[in-house]
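Have a look at the chain below before reading on.

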Amino acid sequence: MNVDLKQYAICYFDVLGTTNRIKNEGIEAAIGNLWNIAYALDQNIYYRIEGNKTIPDPRPVIIKSFTDNFLIAREIQEPPFYAIDPVFQAVGRAIVQSLFMNRMLIRGAVVVGKMHIDDNSILGPAIVEAHRIENSVAVYPRIIVDHSVMEKLPFAIAWKRNFDLYFFEDYDGAICFNYLRFVSKSLIEEKAESVISELKTDRDRADLKEKVKYNWVINYMDEFRQQMEEGKIHYSGIGDS
């Protein structure tokens, strides 16, 4: 059997703590939260940022989900930036919406590589590597950007001047997707403190294994908010100014 493998830009992520949410909040609430993520992804795949404008993007982005795992993929048939950018846009906005509305923690990876997708199957090196990174490397509620993205996509070179527009380097050297850049400045100012407080409450009820995940995202939000207050965060077409 010959499988047609094509080059894709993908983000694979897992919604953390779904089992505990089912136990604590009931299956309907947990499913509702997952549905909200799927809806947010679907709403955001049709637009992309160009300069300081959000414009319609008719080119297809594929969304697949299974329980609390999601895959967002776009075939690379053009300059790579135009394939990966809508994936970042959709994932970034869906993550921050889930975090600020429901305190849902998301962990995953962005990869460029060969893959086959049809109505019945998803297979290939790209999805295997993305799952490996999410499951074994990411650990915390972060989206790790694989070297295949940074090395193979020309836009990474152009963005070295504005590295923190989409990325940051974590304490262990991992390059991570800076998804808080997709929160408007006004929302950070209005809700970040209350979201952090609620996350701390969730952390205090969690077991030791889960506490470190809550600590990571709390520290990330605190540092991002501090940088924004110090004028180190500049919104360039992402979020509201």
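Tyr140, Phe168, Tyr171, Tyr179, Trp216 and Tyr220 come together as one aromatic cluster. Keep in mind that this is a predicted model, where local features need pLDDT of at least 70, side-chain atom pairs count only at pLDDT 80 or more, and totals for chains, interfaces and linings use all residues. Residues are numbered from 1 along each chain as its sequence is written, and side-chain values use heavy atoms, with hydrogens and water left out.

**Aromatic rings**

What counts as a pair here? Rings of Phe, Tyr and Trp (for Trp, its six-membered ring) pair if their centres lie within 6.5 Å; planes under 30 degrees apart are stacked, over 60 edge-to-face, and the rest tilted. By this rule there are 10 aromatic pairs. Trp216 and Tyr220 make a tilted one, with 5.2 Å from centre to centre and 40° between the planes. They sit 4 residues apart in helix α8 (residues 208-229), so about one helical turn separates them. (Helices, H or I with at least four residues, and strands, E with at least two, are DSSP runs numbered from the N terminus.) Are these two buried or exposed? Trp216 is buried, and Tyr220 is too. Buried means under 20% relative accessible area, exposed means over 50%, and partly exposed is in between, using a 1.4 Å probe and protein chains only.

**Salt bridges**

Next come the charged side chains. A salt bridge is a side-chain nitrogen of Lys or Arg within 4 Å of a carboxyl oxygen of Asp or Glu, and the structure holds 11 of them.

| Salt bridge | N to O distance |
|---|---|
| Arg107 and Glu134 | 2.9 Å |
| Asp170 and Arg142 | 2.7 Å |
| Arg203 and Asp204 | 3.4 Å |

Take the bridge between Arg107 and Glu134. This pair ties together distant parts of the chain, 27 residues apart: Arg107 is in strand β6 (residues 106-117) and Glu134 in helix α4 (residues 125-138). Arg107 counts as buried because its relative accessibility is 10%, and Glu134 does so at 3%.

Asp170 and Arg142 also meet in a salt bridge. They link distant parts of the chain, 28 residues apart, with Asp170 in the loop between β9 (167-169) and β10 (175-177) and Arg142 in the loop between α4 and β8 (143-145). Asp170 is buried at 13% relative accessible area, and Arg142 is buried at 1%.

**On the surface**

Val3, Leu5 and Leu123 form a nonpolar surface patch with about 200 Å² of accessible area together. Patches are made of residues with over 30% relative accessible area and no salt bridge, joining like charges within 9 Å and nonpolar side chains (Val, Leu, Ile, Met, Phe, Trp, Tyr) within 5 Å. The areas come from the Shrake-Rupley method with a 1.4 Å probe; for residues, only the protein chains shown count as cover. Leu123 belongs to strand β7 (residues 122-123) and is partly exposed at 35%.

Ser194, in helix α7 (residues 185-205), is partly exposed at 36% relative accessible area. Ser194 and Phe100 are 94 residues apart in sequence, yet 9.3 Å apart in space, C-alpha to C-alpha.

**Cysteines**

How many disulfides are there? With a disulfide taken as a pair of cysteine sulfur atoms within 2.5 Å, the count is 0. Cys11 is buried at 0% relative accessibility, and Cys176 is buried at 0% too.
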